[in-house]
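Subject: Structure for you to look at

Hello,

Here is the structure I said I would pass on. Please open it first; my notes follow below.

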Amino acid sequence: MSRIPKRKRIKTKKERAKLMHSYYSRTGFYMFIWESLKKAFIPIVSVVVGLFLINRYIYNINEGLESITETFSRLGIFSFFFTSETLLGLIPPEIFIAWTKKTNEPILNLIILATLSYCGGLLSYFIGKTALKIESVKNYLEVKMAKHLKNSKKWGGFLILVGALLPVPFSISCTAAGMIKYPFKNVVLFGLFRFARFAIYAWAIFKVVD
């Protein structure tokens with residue numbers, strides 16, 4: 001007499017949440033978030049306080065930003081920023097956020113910056129995928145981004161979210177996601193938090209820049 005196979009019980013949302021919580025606790029995700037938040041707090045405060053002190057005692061930042069606005073075209077600044085945000089995010093976006101305050105349309109330019117940063121991250125994803133086909137580039141990135149690749153394999157989209165919100169280069173997180181072939185639709189979704197980061201930083205920086 002053949003046995004009737006037991007049906008696999010479908011876990012409830014609460015049970016799945018507990019399993020996820022247990023996994024993230026075990027793999028150190030929460031500690032990683034905490035450390036990232038601590039690292040984020042210091043740069044944010046440092047940037048705001050630094051801008052205030054420099055503007056008051058050393059150099060008139062407002063005049064400097066006005067000079068940049070008059071010297072360089074908006075297209076040139078956007079192009080340079082997009083390149084930076086695509087190639088490992090080497091230039092801090094705070095500089096560009098401060099620049100938008102001195103333009104005629106600060107909110108519009110801030111939205112454009114956030115969009116360029118977001119799109120740069122998505123392009124980085126495909127750079128990561130393409131890098132797998134070029135042995136020398138693949139080897140370089142695997143060494144350069146060993147920690148990000150390891151974390152991406154463990155946490156996937158949540159690392160994209162952290163990269164979008166905190167001072168962890170967003171493009172690096174997206175490049176790592178591409179290298180491990182993480183689903184692109186999830187990168188698109190989690191990457192939207194990039195807009196929240198620009199809004200928060202702009203709120204702080206705009207209080208300093210007149």
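In what order do the elements of the protein run from the N terminus on? They run α-α-α-α-α-α-α-α-α-α-α-α. That is twelve helices and zero strands, where helices (H or I, at least four residues) and strands (E, at least two) are DSSP runs, numbered from the N terminus.

Two notes on how to read the rest. This is a predicted model, in which local features need pLDDT of at least 70 and side-chain atom pairs count only at pLDDT 80 or more, while totals for chains, interfaces and linings use all residues. Residues are numbered from 1 along each chain as its sequence is written, and side-chain values use heavy atoms, with hydrogens and water left out.

Overall

Of the 210 residues in the protein, 39% are buried; buried means under 20% relative accessible area, exposed over 50%, and partly exposed in between (1.4 Å probe, protein chains only). The accessible surface comes to about 13100 Å², and carbon and sulfur atoms hold 67% of it. Accessible areas come from the Shrake-Rupley method with a 1.4 Å probe, and for residues only the protein chains shown count as cover. Among contacts with a separation of 6 or more, 77% are between residues 24 or more positions apart; contact means heavy atoms within 4.5 Å.

Two packed helices are described by the angle between their axes and the distance between the axes. Here axes are lines fitted to C-alpha atoms, for helices over the stretch in contact, and angles run from 0 to 180 degrees between N-to-C directions.

Helix α5 (residues 93-101) packs on helix α12 (residues 193-206) at an angle of about 60°, with the axes 10 Å apart. That makes α5 oblique to α12 (under 35 degrees counts as roughly parallel, over 145 as roughly antiparallel, 65 to 115 as roughly perpendicular, and the rest as oblique). On the α5 side, the contact includes Pro93, Ile97 and Lys101; on the α12 side, it includes Arg197, Tyr201 and Ile205. The crossing of α5 and α12 is right-handed, meaning that the near helix is turned clockwise from the far one by less than a right angle, anticlockwise being left-handed.

The axes of α6 and α12 come within 9 Å and cross at roughly 140°. That makes α6 oblique to α12. Residues in this contact include Leu110, Ala114 and Ser117 of α6, and Arg194, Phe198 and Ala202 of α12. The crossing of α6 and α12 is right-handed.

Two residues of α6

Serine 117 lies in helix α6 (residues 106-131) and is buried, with a relative accessible area of 0%. Not counting residues up to four places away in sequence, serine 117 touches Phe81, Glu85, Phe170, Arg194 and Phe198.

Glycine 128 is also found in α6 and is buried, at 0% relative accessible area. Its C-alpha atom is separated by 4.7 Å from that of methionine 179, 51 residues apart along the chain. Leaving aside neighbours within four places in sequence, glycine 128 is in contact with Thr175, Gly178 and Met179.

Helix α10

Ten of the ten residues of helix α10 (residues 170-179) are buried, so α10 is largely enclosed by the rest of the structure. Among them are Phe170, Thr175, Gly178 and Met179. Lysine 181, which follows α10, has a positive phi, near 60°.

Cysteines

The structure holds zero disulfides, a disulfide being a pair of cysteine sulfur atoms within 2.5 Å. Cysteine 174 is buried, with a relative accessible area of 0%, whereas cysteine 119 counts as partly exposed at 33%.

Regards
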